[in-house]
Structure formats: structure tokens, C-alpha cells
Amino acid sequence: MKYKAGLLVLVFVLGVFSSCKDLTDLNKNPNAINAEDGNVNLLMPSVLGPAARNYLSLGLENMAGAVQFIQRSGWAGGTNYFEWDNVDWGGYYDLLRTNALLIENANRDGFAFHEGVGLTMRAFLFGQIADYWGDAPYSMSLQGNTGDIKYLYPEYDTQEAIYNGVIADLKAAAALFATGDETFVDGNADLYFGGNSEAWEKFANSLLIRYYVRISEKNSDAKSAVEAIVAGGMYIQSSSEDATMDYTGGSNDTWPLVYDSETSSTRNLACSTIIDQMNSTNDPRKSVWFAPVAVRWVQDTNIEGAASDMLADGVPTSILPDWIDYQGADAEFTRLYNPNDVERNDNEFVGVSPGLLQTDIHSYNGCENGAQGRHNYHVSMLTREFMDGNPQPGDLLQARLVSAAEMHFTLSEMALKGWSVGDAETHYNAGVMASLETWGVEDQYDAFIAEVAFDGTEEQVLTQKWVASFCNATEAWNDYRRTGYPQFTLLDDVARAPYPALRFGYGGDELNNNTSNVNAAIEGLQTTEYSGAIGKNSVYSRTWLHQGTDVPY
């Protein structure tokens, strides 16, 4: 009896353990990404898509205000006045966690292409974190699942160390792509290049050029490294090679600017800085990006002041050309003014002066309909192509991560500094052509290059590079902080300074939950005369990269 009882206990215990194992298997979430079974072809688009969309959104909105492409007539703080205090970076680290799994599984399974993609995207994302904030968790990041509590409160690496890591990753990625190994590659999963390892090698090397130049004043290896890449020829040189991502129009893949009412559809206005530049050079990209004013001022010295009535094809009309009323109308709307009495901008394309008080934006250039959420019909907006919110694959509207235009203008600037990277004028002309090709106006190259013929100055190269970075304003901002070109100023001091901001402030999540480490990083920042009461964590303080310089101010 004792034997039978013991046998029953043993069978019961074995059954319990067997059942527990079965329950563990059954309780595994089939929808979760698990380290042991994350398919690299499924992981890849979950990194590439959000990374490109985030980069574009920043370049179209807040950064576009910082480099004076646009101004906003409502909810303008972040775009017009750089109210970037306490910006959290959780979205970047969320992507980096998924990307870490891509690298791990690709390395484990020997998939060189996918590992190269993962390394490139790690560099792309960490590079942005270093660009925007400065010091940040790097070597201790992405390890919160190890069980060691120290990784829940990671120490910060210096901005310099992060940039060095970015460069190391890009070198390793380029070497993997150079093997041509495309084992297990699903072209549909590669949202940028359709599984082309040579295109990815050029992308990685182009990012290397970008970051070597960015840190060139503090890195003695930058010059020779860029010269070697250019000599090898494996970088983006043609607009057809640009690192881009199409928008499909799906529910999770929509253009950042969706215009569906007067309040939302008239909020993004052209900035006078970019409009004045393009007007002065007869730039053919102007009409691709910006719409003519809805109501154009016309001089008439036979009247006093400015007429309140609108004219439609020269005939008085009761129609007020608000956003809804003038959409699709064939009539040309105008208003009359006497230039001896009042000042008006009567150009076809008009931009808002940067940094105006929001109430002044509403009434800018004599608009009498000015109010929150109403259309200023005497100022240019973005074109309908940018406004419809529904681009399709192959459209002009794409997320563009690196372009041939950027590369050629960068190398033109470096050639002027004496680097052996080719002829400065040749690269400058190629940069102009590449940008015109991107926006479908390459047939106007001859006329335009005559307007902006190469004059051998760094300022001209960087000005044309700034124009070409439309939709990629983050790179124009990085160039401005590095060189001081173009020389941006603001009309008012709403932004706490007469110049654009220099960084993002560390976010509340870090300040509240990783306090000692973020405070140590803040101590490494250098205040400027515009840091103000916020102190070292101000958007006007200098990170390591810009300390010890008087650029941009």
C-alpha cells in the first residue's frame, strides 16, 4: 500500500510539472516579439517605417520653424518660438529596443544584410539623440530586461562617445553590405531600398560623411575618413539613389500634414526668410512647395489707404476668400492699396516674418480677417500637394533620410576647406541639379543656375544646401549650429532670444526618474547669454559639440 501511495504521488508530481510546462507554452503571447523567434524580415519594417516618419515629421514641423521654412498661425510655440523644454525621448528608445532585437537575431542567424540594417538604424537613431539632446544613455541603455537594477537608471555617455559609437556602427554596417550577402532578404520588408545591399552601403557611407563632417572641428580623423569614402565612390551621388520612404496612405502610414478644415488647413504659413530667398533667385521649387497668396495686393494711387473690398477678376465681390470659399475657384482675388499711404507686400508669394507674436501673424500684411483659426489670405501657405494628406507611392512627398543634394553641398563646402573630395563648383552644381530633380523641375536648371552661379563662398553653398533641405529641416538646423549659415534672426523676443534654439531640453521622465544621472549630464552643458532662468538645461545652452565656439552666436 505504501508503494502504491508513493507511486501515485510521483505520478501526480510529474503530471503537475508537465502541466506547468504546457501552461507556460500555452501562455506565450503569439502576438509578442520574443527574442528567440523574432523574424528579422518582420522586425525590419517595424524600425524603418517609424524612424523615417518621425524624422520627416520633425523636419516638416518644429524644425521647419527653427530654420525659417514655415511659421504657424496657431499652436505656434514649438515651431515659431522653440518651446522645446523637457522633451522626452521615449519614442527613440522604443525603436532602438526593437532594433536591438533585429541586430541580435540577425547576428545569431548569420544574416549579414539584416545586421547591417540594424547597425545603420542604430547609428541613425542614436545620432539624432546626440544631435538633439547631447549626452544620453548609450552603453548602459536597452538593457532593462537583464534583471540588474542599475540598467533601470542608466548612466549617460558623453555626446562625443555616442558620436564615436555612431561612426563605429556605420563602418561595421558598410563592411557587411560590401560583402553583397543578401541571404534571407525579403525586398518587401526593406521600406527604403527593396533589399539592395549596394544601396544600403551607400546610405551607411553617406551617414558617415554626415557625421564625420558634423564633428570635424573636434575629430582629427574626419578629413581623411571622408576623403577615403569619396575616393571609393560608394556614397549617394544621384537623386535616384536618395534614401527615401514612400507613403502608402494606409491608416498607420499617412503624411504628417492632414488638412481638412480652415483651422487646420491654414495653420502652416510660409516664412519670409525662405520666400524672400526664393523670390530673389527665381527659384523654380517655390511653386512646388508654396501656394501664391489667395488675395494679392495691387497698387492704386487713386485711392486712400487700403480698400476693404475684395475683387474677383477685377470686379467687386461679396465673397470673402476664406479657405473654404476660394478652394477650386478660378477667379483671381485682389485688393487695392495706395503705396503712398500704407505698406503692403504685393508679391505673388509672401511669407510671414519669423518670430512674430501670434496675434500679429493673423493680421500680417493687412489681413482684416485675422483671428485664431482663420486664414490669412495675404500670406502663402503650403501647396495643395502638401495639404491633401494623402500621398501615394511614387509621389513627390516622401520621407527623405539622406539625399544626393546634401552630399554634394557637403562635399562642396569641404572642398572649399581644402579637403581632397573633388571640385567645389562641380559638387555645388550637382547639388543644385539633384535638388531640382527631386522636386520635378530639373528642366529649369539652366535658368536657375544662372541666378545662383557659384561664387566660391561657404555662405552661398550652405544657403543653397539650406534651401535644398526643405522637408529635412533637422539637417539645416545641424548645419546652422555648426557654421552659423544662414544667419537667422527673429523680429521679436518671444522665443527668449533673437536666434533659433541650440538643443532639446532633457525631458520630465528623465528629470523625475533618472534624476542623478540626468543632472550630471546637465552639469556638462554650457550656458549662453540666452539660457535664462532655466539654466543649463535650457534650449539655448551648448552641448560638447558646440562648446568653445562662437557659432552660430
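Analyst: The largest cavity is lined by 24 residues, and Arg400, Ser403, Ala468, Ser469 and Asn472 are the ones nearest its centre. Two or more residues of this lining come from each of β8 (399-402), α16, α17 (424-438), α19 and α20. Helices (H or I, at least four residues) and strands (E, at least two) are DSSP runs, numbered from the N terminus. A cavity is here a set of points, on a 1 Å grid over the protein atoms alone, where a 1.4 Å probe fits but cannot get out; a pocket is an open set with protein on both sides within 12 Å along at least five of seven lines, and lining residues have an atom within 4 Å of a point. The volume of the largest cavity is about 230 Å³, where a volume is the space filled by probe spheres set on the points, and grid points are joined across faces, edges and corners. By class, its lining has 12 nonpolar, six polar and six charged residues. Ala, Val, Leu, Ile, Met, Phe, Trp, Tyr, Cys and Pro count as nonpolar, Asp, Glu, Lys and Arg as charged, and the others, Gly among them, as polar.

The model is predicted: local features need pLDDT of at least 70 and side-chain atom pairs count only at pLDDT 80 or more, whereas totals for chains, interfaces and linings use all residues. Residues are numbered from 1 along each chain as its sequence is written, and side-chain values use heavy atoms, with hydrogens and water left out. The mean pLDDT (the predictor's confidence in each residue, from 0 to 100) is 91, and 90% of the residues reach 70 or more. Over residues 1-27, however, pLDDT stays under 50, and the model has zero contacts there beyond four places in sequence; contact means heavy atoms within 4.5 Å.

The count comes to two cavities of 30 Å³ or more. The second largest cavity holds about 80 Å³ of space. Its lining consists of Arg210, Val213, Arg214, Glu406, Thr410, Lys465, Glu475, Asn478, Asp479 and Arg482. Two or more of these residues come from each of α8, α16 and α20, and α20 gives the most, with four.

Of its 11 residues, 11 are buried, that is, under 20% relative accessible area, with exposed meaning over 50% and partly exposed in between (1.4 Å probe, protein chains only). Among the buried residues of α20 are Trp477, Tyr480 and Arg481. Their cover includes α2 (40-60), α3 (62-66), α6 (112-132), α8 (197-214), α16 (404-416) and α19 (458-468). Just after α20, Gly484 takes a positive phi of about 85 degrees.

Cys471 is likewise buried, at 5% relative accessibility. The closest cysteine sulfur to that of Cys471 is in Cys271, 15 Å away and therefore too far for a bond. The structure holds zero disulfides, a disulfide being a pair of cysteine sulfur atoms within 2.5 Å.
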